[in-house]
Amino acid sequence: MDLRLEVIILPVSDVDRAKAFYQKLQFRLDADFVRDASFRVVQMTPPGSPCSIIFGTGLTTAIPGSVQGLHLVVSDIETARAELVAHGAAVSEIFHDAGGIFHHAGSTDRVAGLAPERQSYKSFASFSDPDGNGWVMQEITERLPGRIDAPAEIEAIVLDLLKNAAAAHGVHEKNDLGGVYDKDWPAWYAAHMTKALAGQGFQIVKR
């Protein structure tokens with residue numbers, strides 16, 4: 001049975017202020033339900049995320065601002081940081097951890113700049129909402145083997161592989177086959193895509 005993380009509850013002191021802040025960052029407003037003065041539910045979703053945040057009134061006993069370490073995964077941290085800054089967020093400079101594995105709590109062992117060789121998973125930037133709930137952006141450009149199972153991610157990868165194979169095959173037909181139609185194009189595509197996957201660190205496992 002799948003266990004999908006769908007919602008994270010954030011403790012905030014001013015619901016409308018929090019709503020305005022996340023709307024400026026382009027979070028999608030999914031719901032804003034008010035039963036009475038003691039109970040309100042606001043749900044918002046980061047762009048492209050399958051997981052949402054919920055905040056409001058009467059939802060949690062946690063202290064406003066006490067949630068830390070929420071991670072937003074991005075494919076280009078420099079571009080993502082620039083966009084959030086443009087939308088009004090006070091985002092830290094990009095950093096990586098001195099140990100090179102994962103970032104420490106707070107600002108301990110932070111090293112300024114992108115990770116060496118811009119290794120996937122290892123470049124970060126942080127910001128907080130008006131209450132102090134802490135977010136971290138993490139750049140992931142290539143997933144480790146076995147780490148992809150979401151249908152949307154798989155579809156995006158297959159689409160990218162097909163586009164690249166189509167472009168390369170067009171060159172192959174023109175230069176190597178003299179413009180003649182390649183009746184064996186499915187096999188050529190399969191070989192090209194398998195090689196590309198192996199180059200990205202994916203492992204083909206026989207079952």
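In what follows, a residue is called buried when its relative accessible area is under 20%, exposed when this is over 50%, and partly exposed in between, with a 1.4 Å probe and protein chains only. The model is predicted, and local features therefore need pLDDT of at least 70, side-chain atom pairs count only at pLDDT 80 or more, and totals for chains, interfaces and linings use all residues. Residues are numbered from 1 along each chain as its sequence is written, and side-chain values use heavy atoms, with hydrogens and water left out.

Eleven salt bridges were counted, each defined as a side-chain nitrogen of Lys or Arg within 4 Å of a carboxyl oxygen of Asp or Glu. One of these joins D30 to R28, with 2.5 Å between the closest N and O atoms; D30 counts as partly exposed because its relative accessible area is 30%. Another is formed by D76 and R118, at 3.4 Å from N to O. This pair links distant parts of the chain, 42 residues apart, since D76 lies in the loop between β5 and α2 and R118 in the loop between β7 (110-112) and β8, where helices (H or I, at least four residues) and strands (E, at least two) are DSSP runs numbered from the N terminus. Both partners are partly exposed, D76 at 32% relative accessibility and R118 at 31%.

Nine aromatic pairs are present, where rings of Phe, Tyr and Trp (its six-membered ring) pair if their centres lie within 6.5 Å, and planes under 30 degrees apart count as stacked, over 60 as edge-to-face and the rest as tilted. F127 and W135, by contrast, are stacked, at 6.2 Å centre to centre and 5° between the planes; F127 is buried at 3% relative accessibility, and W135 is buried at 4%. Ring pairs link F21, Y22, F27, F55, F127 and W135 into a cluster.
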